[in-house]
Amino acid sequence: MHRPIGEPEGGAGYGPVLPPFRPHPAPGEYPGGPWADAGGFPDPGRVDPLVLGALLARHGWRRRGGAAGRYSRWTPPGPGGTSGATSLLVPESRAFPDCEDLLGEALTALQRSAAPSAREVLVGLTVPSDEIRWWRDVPPGPAGTVPWTVQEQLRSAARQLLLAGALAVRGRAGYYGARHRRQAQASLEAVVVGAAPGGRGLTAFVPVDSGRAIAVRLYHALYAAREATDYQRATGGMEAFDAAVEAGVSRELTEALVALVRGTEGARIALEWAPAAGTPVGCAPRPEPVEFSAGDLPALREASARYLTDEPSVPVRITGAVVRMRRSGPRGEGTVRLRVLGGAEVPHVRVTLDEESYRTAGHAHLVGLPIRVVGRLESRGGFRRLTDASGVVPVQVDEAERDRLMKSLHENLDFFEEACGPGE
């Protein structure tokens, strides 16, 4: 896809939202998977030759003949692949008599190969994974490399994009704020990443078992974002972005795309499905890369702002443990911070309570009980504030949870004596 380039960029970026990616595994350090032995290395007795061939072709290895119907010969990508220094013999199927021996030799050669693609093939064999690739068109640095700060921008944008996909799996919204974030981050813990030579590209390996839903949601969301951007640039209307929410487009995703494209002449995202798992229902077997350019930034920024302002507040009934109390005097309303135990997909909320409800919250905390409160989770501030609060009552919990809450109280006695005020 071709997009006009050269339009000025600007605007604020979106900061990092995830811990750093797990590093790309070194040889012998692969996480165990369906085709791994006890040491985490691909087990030749369980590797499918067809999957190995598909991964080699995906990563640029070239097939150079072999014995028809028996095995094929593969050489690595790049100029060195023609010299014959490295060569893999891969059987056509497990029916070949020496299949396991040939696979073992091929896997050992991959482990010892200096080609970066060899490690990626081994990762794909050890833990069947969908691959998501990012590439940015940025000016080269010394010796054709990319400055470290530019590489960090790519990694940050990639983290944001994966998080946006994980959030969309939890539910559709134009703006998530703090909602679902903890669960979405946890769902990305198994993702590993490898950087392309030169620093312009990045590949994330998303395990099929735990992350296929994320990869599929990103597939639909990226194409929907591309179509909505084209529509906005052609007509000036934002209706397509409203409809794209159902496909997984959100403020988090548009901000991730802005971070990916800003400061470049263009960026590309490609998805490739794990050969061992096949193509997901409703997705193309070989999706075309989705491209964005600097000329798309105004539309993406406008959509991001629209999602932020249009997302409505949510009526909730929250059960939470009081972790902070504050008010300006010994009487009147006060503000309470709750650690959410149930009723909303956020870790903490702040709520302003009238004098009677504030006293109820303080007494509940002093005896080690959480409270239940009804209100509206306000979108302003990232769904971290509860408004129109009412119906504050203590809630009975099991002894283990009550003991833990009481321990928290004893660790913060000075704070609560100050917060509750005299006579409270």
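A: Helices (H or I, at least four residues) and strands (E, at least two) are runs assigned by DSSP and numbered from the N terminus. By this rule the protein has twelve helices and 13 strands. The model is a predicted one, in which local features need pLDDT of at least 70 and side-chain atom pairs count only at pLDDT 80 or more, while totals for chains, interfaces and linings use all residues. Residues are numbered from 1 along each chain as its sequence is written, and side-chain values use heavy atoms, leaving out hydrogens and water.

Axes here are lines fitted to C-alpha atoms, for helices over the stretch in contact, with angles from 0 to 180 degrees between N-to-C directions. The crossing of α1 past α2 is left-handed: the near helix is turned anticlockwise from the far one by less than a right angle, whereas clockwise would be right-handed. Pro 49, Leu 52 and Leu 56 of α1 make the contact with Cys 99, Leu 103 and Leu 110 of α2, where contact means heavy atoms within 4.5 Å.

Helix α1 also packs with helix α3 (residues 116–126), at an angle of about 145° and with the axes 10 Å apart. Here the crossing is right-handed. On the α1 side, Val 51, Leu 52, Leu 55 and Leu 56 meet Val 121, Gly 124 and Leu 125 of α3.

To set this part in its context, consider the whole chain. Of its 424 residues, 48% count as buried, meaning under 20% relative accessible area, with over 50% called exposed and values in between partly exposed (1.4 Å probe, protein chains only). Among contacts between residues at least 6 apart in sequence, 69% join residues at least 24 apart.

Leaving aside residues up to four places away in sequence, Val 316 touches Gly 343, Val 373, Val 374, Gly 375, Leu 377 and Leu 386. The C-alpha atoms of Val 316 and Val 373 are 8.4 Å apart, although 57 residues separate the two along the chain.

The structure holds four aromatic pairs; rings of Phe, Tyr and Trp (its six-membered ring) pair if their centres lie within 6.5 Å, and planes under 30 degrees apart count as stacked, over 60 as edge-to-face and the rest as tilted. Phe 241 and Tyr 307 are edge-to-face, because their ring centres are 6.5 Å apart and their planes stand at 80°. This pair links helix α7 (residues 239–244), which holds Phe 241, to helix α9 (residues 297–310), which holds Tyr 307, across 66 residues. Both Phe 241 and Tyr 307 are buried.
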